[in-house]
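Colleague: I am new to this structure and would like to go through it in questions and answers. Please put the sequence and the model up.

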Amino acid sequence: MNSKLCISISGGGALGIGPAWFLSKIEAELGTKFISENCCGFAGTSTGSIIAALLAEGYSAYDIFTLYKQFIPKIFTKYPWYKRILPTCPTYDNSELKKMLKKHLSSKCKFWTKQPTFVTSTFMNGESVEKVWDNCDEEEKWFAVLTSTAAPTYFDVIVDESGRSFCDGGMWSNSCPDILMAGMFNGGQRDIRILNLETGMDAPPARDKGNKTYAGWAKYIFKNWVARSSRSPSYVCKAVLGYNNFMDVMPVTREEFEMDDLKITDKVIKIWDMEFERNKDKIIEFVRG
């Protein structure tokens, strides 16, 4: 390989099953664990951080896909109604997600050395909101990933023993190939190419217009700027790495999918499956280098 492959995966809740399936299709062509054994770096936000961290842990993409199928119904388990009537209570209890991460992610972030891994989170009460967990951190891997998945209104804010509060990394970096590129550059690895998977897909254009209330603006920003990945990180990566060293995968769909809608998982899998089959030769050539 002339340049080393890295993978970046954006956030999107239950929609993460699509990229997991897509990566498993690559492995079906190139061999089980091809990605976890041949990539030199990973980055992920929210649901993408789960996939990235598990790949760095040595799991195959199909193993991760299977985990998604098994755990999605458990992860999106609502709090009892009597708790949800409190205005500060999120919709879903993250205890099953926490158990799953603890089981499958061992050791501390500082051991992400062989394949540098970068997990975005939002540091709510720090000097800067931008937090990237990497091999400079003493924190447990499962904790880092749990903070990245703590989407406001969906899951609880994650608070550590010292009182530091974290929520979803998608609040400032839902699409994170630029974080991956910067992290690899900082580690001295510049000869890289990035496969970037946009979990939210190419959603229908926003139809909002005019002024809004505070609540209306909050909904607009979260729906159209946080949940839907910004394109600027890809623009930066293409300019720096060159178009031949960067590939965006963002299936086009005219439907809007909610990140906690468990009824659409089969449809999402089909969309990503079709995306792979349409572009298989180009994708395999890029991954192989």
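Colleague: Which exposed residues does the face of α6 turned away from its buried side carry?

Modeller: This is a predicted model: local features need pLDDT of at least 70, side-chain atom pairs count only at pLDDT 80 or more, and totals for chains, interfaces and linings use all residues. Helices (DSSP runs of H or I, at least four residues) and strands (E, at least two) are numbered from the N terminus. Buried means under 20% relative accessible area, exposed over 50%, and partly exposed in between, with a 1.4 Å probe and protein chains only. On the face of α6 turned away from the buried side, the exposed residues are K99 and K103.

Colleague: How wide an arc do the buried residues of α6 cover around the axis?

Modeller: The buried residues of α6 are L97, M100, L101 and H104. They sit on the same side of α6, because the arc they cover (taken from the directions from the helix axis to the C-beta atoms) is only 95°.

Colleague: How many cavities of 30 Å³ or more does a search of the whole structure find?

Modeller: A cavity is a set of points on a 1 Å grid over the protein atoms alone where a 1.4 Å probe fits but cannot get out, and its lining residues have an atom within 4 Å of a point. Points are joined across faces, edges and corners, and the volume is the space filled by probe spheres set on them. The largest cavity has a volume of about 190 Å³. At 30 Å³ or more, the search finds one.

Colleague: Which helix gives the largest share of the lining of the largest cavity?

Modeller: The lining has 18 residues, and G13, T47, I50, Y68 and I75 lie nearest the centre of the cavity. At least two residues each come from α3 (47–56), α4 (61–75) and α6 (95–104). The largest share, six residues, is from α4.

Colleague: How far from C237 is the nearest cysteine sulfur?

Modeller: With a disulfide taken as a pair of cysteine sulfur atoms within 2.5 Å, the count is zero. C109 is in no disulfide, the nearest cysteine sulfur being that of C136, 10 Å away. C237 is in no disulfide either, and the sulfur of C176 is the nearest, at 9.5 Å.

Colleague: Is C109 buried or exposed?

Modeller: Residues are numbered from 1 along each chain as its sequence is written, and side-chain values use heavy atoms, with hydrogens and water left out. Because its relative accessibility is 0%, C109 counts as buried.

Colleague: Which residue in β4 stands opposite V119?

Modeller: Strands β3 (residues 117–123) and β4 run antiparallel and are joined by four bridges, where pairing needs at least two DSSP bridges. The two form a hairpin with six residues between them. In β4 (residues 130–133), the covered face has K131 and W133, and the uncovered face has E130 and V132. Opposite V119 stands W133.

Colleague: What distance separates the C-alpha atoms of F143 and K98?

Modeller: F143 is in helix α7 (residues 141–148). It is buried, since its relative accessible area is 8%. F143 and K98 are 45 residues apart along the chain, and their C-alpha atoms are separated by 8.1 Å.

Terms used: On a 1 Å grid over the protein atoms alone, a cavity is a set of points where a 1.4 Å probe fits but cannot get out, and a pocket is an open set with protein on both sides within 12 Å along at least five of seven lines; lining residues have an atom within 4 Å of a point.
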